[in-house]
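Let's take a walk through this one together, starting with a single chain and ending where two chains meet. Have the viewer open as you read.

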Amino acid sequence: MTATAVMDKLRRNLEKRDLDNYLFVQASAKAENIAVLRVLAASFAATLDFTLPEIDELKGAISEAVTNVVVHAYPEIKEQGLVSITAGIKDGSVLFVVSDDGIGIDDIDRARDPSYTSKPGEHMGLGFAFMESFMDEVHVESTPSRGTSVYLLKSPAGAGERTGREGAGKPAGH
Amino acid sequence: VTNVEIKSLPSMFENCAVLKLTGELDLHSAEKFKAAAEELIDWLNSRGKPPILMVDVSDMTFIDSSGLGAFLGRYRSLRLKNGELVLIAPRPQVANTFELAGLSRVLRVYENIDEAFLLLKGEQVL
């Protein structure tokens, strides 16, 4: 199954709450919570058979998605906005949805272009490029003044091989 | 550890300062790094020769694009004075992230501080 097909399937599973494991967390969209959320998300994913480098990639992708919310989503709100992560595990894959109720993204294609940043200076504009590099599939939905949801899918790269070699459902030997 | 600790290490050369970063560098912790690095760069700029800032990242366990942005900003301030930003002993995750952003092509990366001192002295940069 392609990553896009797995993403579609997990999105339906998430809507129906037909999951092997589920996580929901909401936090103030503050810079100090970026670490809290990436560590929590990585710990949730670590219940699957990911390698340590894959867990690092996952942490990287969550860090980028949450940073985008902290930096971009709530420019005019004096009191803090919120960022939420909804995550589901089904059939050995994990889907994270990083959401906000902020200003939304006008032009998603431009936002995903690695050479573009709306805040030049020390923001490199690489957030989405990193997410795409670290995850199997990235999908963005955004409505101006309603908010943005970033969908991030990852499956352990070795899962298929190990399952084939050692029998379905059996954990890989260490 | 989800935060960054910063320590200045002694350098045997007067146009060189060494910073050690421990932990995870992101949007939040990068602010501390920027402040500490800029203070050292200001001090180095008063020394006459082009400034060299070495950052020992051997105990840095994570960096994201905000952390990289902080390195890029310091690289730019050093280059204004013909200086260099030197990365010491990045772990694989950290090295990979620098590589992805194309930053490992512009920064000097060495395996340890002694090697950096030796090679930069050989080039008469120190």
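How many helices and how many strands are there in chain B? Count them up and you get 4 helices and 5 strands. Keep in mind that you're looking at a predicted model. If you trace chain B along the sequence, the elements come in the pattern β-β-α-β-α-β-α-β-α. The radius of gyration of chain B is 13 Å, close to the 14 Å that the globule rule gives for 126 residues, so chain B is as compact as a globular protein of that length. Along its principal axes, the C-alpha trace spans about 35 × 25 × 25 Å.

Of the 126 residues in chain B, 53% count as buried. Take the contacts in chain B between residues at least 6 apart in sequence: 66% of those join residues at least 24 apart.

Next, turn the model to see where chain A meets chain B. Chain A brings 23 residues to the contact, and chain B brings 22. Together the two chains bury about 1800 Å², and carbon and sulfur atoms give 61% of that area. Which three residues supply more than any others of the area that chain A buries against chain B? They're Glu122(A), Met124(A) and Phe130(A), which supply 34% of it.

Note on methods:
Residues numbered from 1 in each chain as written. Chains lettered and ligands numbered in written order. Predicted model: local features only at pLDDT ≥ 70, side-chain atom pairs only at ≥ 80, totals over all residues. Heavy atoms only, no water. Helix = DSSP H or I, 4+ residues; strand = E, 2+ residues; numbered from the N terminus. Rg over C-alpha atoms; globule rule 2.2 N^0.38 Å. Buried < 20%, exposed > 50% of the residue type's maximum accessible area, 1.4 Å probe, protein only. Contact = heavy atoms within 4.5 Å. Buried area = accessible area lost by both parts, 1.4 Å probe.
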